[in-house]
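Take a look at the sequence and the model below.

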Amino acid sequence: MGDDSEWLKLPVDQKCEHKLWKARLSGYEEALKIFQKIKDEKSPEWSKFLRLIKKFVTDSNAVVQLKGLEASLIYVEKAHVAGRTTGEVVSGIVSKVFNQPKAKAKELGIDICLMYIEIEKGEAVQEELLKGLDNKNPKIIVACTETLRKALSEFGSKIILLKPIIKVLPKLLESREKAVRDEAKLIAVEIYRWIRDALRPPLQNINSVQLKELEEEWVKLPTGAPKPSRFLRSQQELEAKLEQQQSAGGDADGSGGDGDEVPQTDAYELLEAVEILSKLPKDFYDKIEAKNWQERKEALEAVEVLVKNPKLEAGNYADLVKALKKVVGKDTNVMLVALAAKCLTGLAVGLRKKFGQYAGQVVPTILEKFKEKKPQVVQALQEAIDAIFLTTTLQNISEDVLVVMDNKNPTIKQQTSLFIARSFHHCTASMLPKRLLKPFCAALLKHITDSAPEVRDAAFEALGMALKVVGEKAINPFLADVDKLKLDKIKECSEKVELMHGKKAGLASDKKEFKSAPGRTAASGATGDKETKDSSAHKPGPLKKAPATKAGGPPKGKPAVPGGTGSTGTKNKKRLDTKEIVEPVLSIEICEEKASAVLPSNCIQLLDSSNWKERLASMVEFQKAVELMDRTKMPCQALVRMLAKKPGWKETNFQVMQMKLHIVAVIAQKGNFSKTSAQIVLDGLVDKIGDVKCGNNAKEAMTAIAEACMLPWTAEQVMSKAFSQKNTKNQSETLNWLSNAIKEFGFSGLNVKAFISNVKTALAATNPALRTSAITLLGVMYLNVGPSLRMFLEDEKPALLSQIDAEFEKMQGQSPPAPTRGISKHTVKGTDEGEDGDEPDEGDSDVDLLPRTEISDKITSELVSNIGDKNWKIRKEGLDEVAGIINEAKFIQPNIGELPTALKGRLNDSNKILVQQTLNILQQLAVAMGSNIKQHVKNLGIPVITVLGDSKKNVRAAALATVNAWAEQTGMKEWLEGEDLSEELKKENPFLRQELLGWLAEKLPTLRSTPSDLILCVPHLYSCLEDRNGNVRKKAQDALPCFMMHLGYENMAKATGKLKPTSKDQVLAMLEKAKANMPAKPAAPVKATSKPLGGSTAARVQPASGIPHQMEFTCVPTPTSTVPSLGHTNREVVEPSVYRERLKILRQRCGLDNTKQDDRPPSISLLSKPAVPTVASPTDMLHSELSQLHESWEQHQHSDLDANQTHSSGTMTTSSSSTANIDDLKKRLERIKSSCK
């Protein structure tokens, strides 16, 4: 009795640890009552039992353990600190509860595990249960399997990770214990309910009898999509909503209705990757080159067996792909060609996106091999190229495909068109922007007129697929010249197409008729794809949106336009799509006949009169007649021929010449003006553009012609004619006209290279006005082209380059103005901007402004061999030759042959000088190729990341500069996609980690969004937080907020679940700290407007004419009693009367009238509301003064100008004095600002 009374007096927590089972039972019962009474989940009472919960579930006495399990269940359900006990408690349940004979204990153990999952500790619970599957006790294995099955059934496949369960499932199905096999079958059925046929590949090797039994059970499952019946704490609102639906008559069993779609799960993600490179026969590369075809066959068969593995581990497959490509392209044995194609198919299917870096090497070879007509070879090649397409994007291979489209072999043309159709099949409307679709349509339209019927049918099929995918509205502009029979055939092919991605909301209604005129068509709303008979049998995964480029003509790069994408927008693109007016050259007799039919007879007779007044009168009549003419009846060529008649452009009277030039402009504006007509007048216009009296009229006429015939053509003609003569005045004014025309029309379609030679001629001229005009034009071009323009000017003299750089500096941070001209009234309107569903990718421009050179023919096999030579001197010579090729070409097309593989090998060169030289070449390559360099990110860019781990600082610096040069052209999307970056971060190299983390910390805050693959880097980021190296830890801490801004705190915290408890606490503390320092995401870019937005507190004041550009400033009215000094707290306060007096003095010093103040607001209104007394700082006072001076200054300047014109001998003393005073005022403002700081 003494012992009993002794433990009865103990507190609850001590009773729970007592050696007597009765004492523990009493303690557990009291603890259970306490737990039930506590209402607050954050009560301090919970912490008292934190260390005891494991003992509750692992008690050695079965009766006591049962009570402990009941108490533990309540504790886990209600205590906010329960999550800390997950690992130890679940481990105790697995080892000490699941082996108990009592069913009640097992049920409680399962309930506790499920409760831990509910409080969002599912990963830790699943980890412990999977460990239990390795236990030798079959009871524990069965209980763990049952717990996983119930968890999956209740919480669903989004909460319970299926991959680790599926990995051990075959082992469970092969167990000796019948109970284990039976439970394994049950969980296999449950998994199938959630992922359907994705479970079949991982179980393909199990016993056939078991597989048959499973399939019988799978057939019995309902066809509807399963739904979770239990939710995490964070999803309680969803649970309540589901309960309301069920109470209203919804489906209560969580299995969904038959009409629901089963969520698609990719079986590939559930498979374990297999490493095959090390399993290749040692003599494989010797045998594949053997002369005996049987040896080559043995080598290929060995590869075929290896690539049958459905998922392959990432690695360097470059040599293997190169060997297979050689067999496909050059082997004369067609059986081996088919076998090599099957091997490529296996590699593409097994590697998926990781194979994308090799796609560009093999696609042209496969397409050209379609000349083989044997069905088994064609089928193997089709399967290979279809599988390869799914690893890349249409944009990345568009250049190679379009080149093959021009092949003369009809079989190659047919199969290429069919491949394009199957490629469109995997696309949605957003993946086929107009700039990518246009070149494909142009190439296919050539094929529909081919003499071979199979080529025509394939082209019709591809065009029909495109029509179905993007809709009629988007494709009609490219089919404007197609006759009705062919249009009907295209439409017929389109109607046969079955949608793959389903209908998307609307490009347009599919009820409307198909018409041929672009701009008046009603688009088909069906945006889907066709399942063609030639498509690959492999199940296609979703494709990423292809970066949009214009693939017909020169490949398109990324003009680095500061502050915006430039003027090459949708409107410009539509202008380029308008139909050109074609007109034959007419004889002078016909022109006279046509002109006399529309002009007064005396008008034509007086055109060549010797009396200038009569010629002037005829011009007046001429103009009146032209202005009254109907557009369709105006004979433009005949009229300009009459104007060019003697004296024509040699007219000596300036008034007659002004009228003549003005009439040219009117004809170009009002008539259907063609390039033929323009050629007649452009010589005369260029001759008169430098004339003091007629120059403006000549420019007006040129602008009208540019609007009628497109600026690119007009500019090229005008520049060519101006610089074929020696008149520097004409050349200077031509450059000035072009500068202004680019601002009005935009830069779309202009050939930079064509103008550069003329601009360089102007820069070398002795005439300073001509040089100034050239530099001004370069500034306008820089605004649209970006820094890449300077590459054309590197050979100029340093003094001249400094002037050019100064002009470029002025353009920094500015965006090109929106085009205001260029859409001719007589051309057919395109679709409205924003309605075509064509959204450009970030970092891509609508049109590449830089003509690019094809250098693939210069990348010879000999050059590639030199780059890989054993002698470092020969390797250096090879690299020097590559650098010379790129320097000479300036801007290049993306097809560079086998150069990427050769350069990649040099990044690992033992000679660090060659590594640096290779990095310099890669920087050149980025600038030369522009945004098209993105297709080489995976095979060349990621290896540069690896070089960041080099032990030499100068090599790391060069690698970082290279990565930045590439990222500037490509954007960050390609770098962050996939596992490549996480694999680099995984390497335990302190140099690599600190450089890579520093780079990410710099780049991530500048992005508005990132690919979901960024989460793959987080475990390695946490590892870096505990790295031995202090620099790595610091860089990891700096990068932590940058990752959090994109992934969110919740996801980052969830990722700590797999860390050790001590590490987890430290990382969570760092996450809390980083949460406070998390940078804000950049705001979405705002389209430029012509006036400030209403409601803005700060209005940008544009400099008036006569006020220097440097005087531009911001005026910020503030409706408070005290005006802040531009954000500074240290300010002087001035009474309003003192302020007004100073204002008066300042106006007097500027030579301005203080009495005329009616047209401007009172000074007091700039500082405060009328009813509130105000004070102002000197800075605010001067800003307000500047804003008020604008109008008076403009009036003053105009009055000075008038005075100058009236009295030519007068001086500009007042003007210069006023300018000096303004400059003085500006300097005072800067001094006050600096003193405030």
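Across the whole structure, a search finds 50 salt bridges. This is a predicted model, and every value here is computed from it. Side chains of opposite charge can pair when their charged atoms come close.

Start with Glu213 and Lys185. Their side chains meet in a salt bridge, at 2.4 Å from N to O. The two residues are 28 apart and link distant parts of the chain. Glu213 sits in helix H13, residues 208-220. Lys185 sits in helix H12, residues 178-195. Is Glu213 buried or exposed, or something in between? Its relative accessibility is 32%, so Glu213 counts as partly exposed. Lys185 is at 23%, and therefore counts as partly exposed too.

Move on to Glu733 and Lys699. The closest N and O atoms of this salt bridge are 2.5 Å apart. Glu733 belongs to helix H36, residues 728-745, and Lys699 to helix H34, so the pair ties together parts that are 34 residues apart in sequence. Here both partners, Glu733 and Lys699, are buried.

Helix H36 takes part in another pair. Glu744, in H36, forms a link with Arg821, which lies in the loop between helix H39 (798-811) and helix H40 (861-867). These two residues are 77 apart, and they too join distant parts of the chain. In the salt bridge between Arg821 and Glu744, the closest N and O atoms are 3.8 Å apart. Arg821 has a relative accessibility of 25%, so it counts as partly exposed.

Salt bridges can also form a network. Which residues are linked in one? They are Glu118, Glu154, Arg230 and Arg233.

Now return to H34, the helix that holds Lys699. It runs over residues 695-709, which makes 15 residues. From its first C-alpha to its last, H34 reaches 21 Å, close to the 21 Å expected at 1.5 Å a residue. How many of its 15 residues are buried? The count is 13, and H34 is mostly covered.

Most residues other than glycine have a negative phi. Glu120 is not a glycine, yet its phi is positive, about 75°. Where does Glu120 lie? It is in the loop between helix H8 (103-118) and helix H9 (122-132). With 42% relative accessibility, Glu120 counts as partly exposed. Arg196 is not a glycine either, and has a positive phi of about 55°. Its place is the loop between H12 and H13. Those are the helices that hold Lys185 and Glu213. Arg196 has a relative accessibility of 16%; the cut-off for buried is under 20%, so Arg196 counts as buried.

Finally, step back to the whole chain. It has 55 helices and 2 strands. Of its 1237 residues, 51% are buried.

Terms used. Residues are numbered from 1 along each chain as its sequence is written. This is a predicted model: local features need pLDDT of at least 70, side-chain atom pairs count only at pLDDT 80 or more; totals for chains, interfaces and linings use all residues. Side-chain values use heavy atoms; hydrogens and water are left out. Helices (H or I, at least four residues) and strands (E, at least two) are DSSP runs, numbered from the N terminus. The expected span of a helix is 1.5 Å times one less than its number of residues. Buried means under 20% relative accessible area, exposed over 50%, partly exposed in between (1.4 Å probe, protein chains only). A salt bridge is a side-chain nitrogen of Lys or Arg within 4 Å of a carboxyl oxygen of Asp or Glu.
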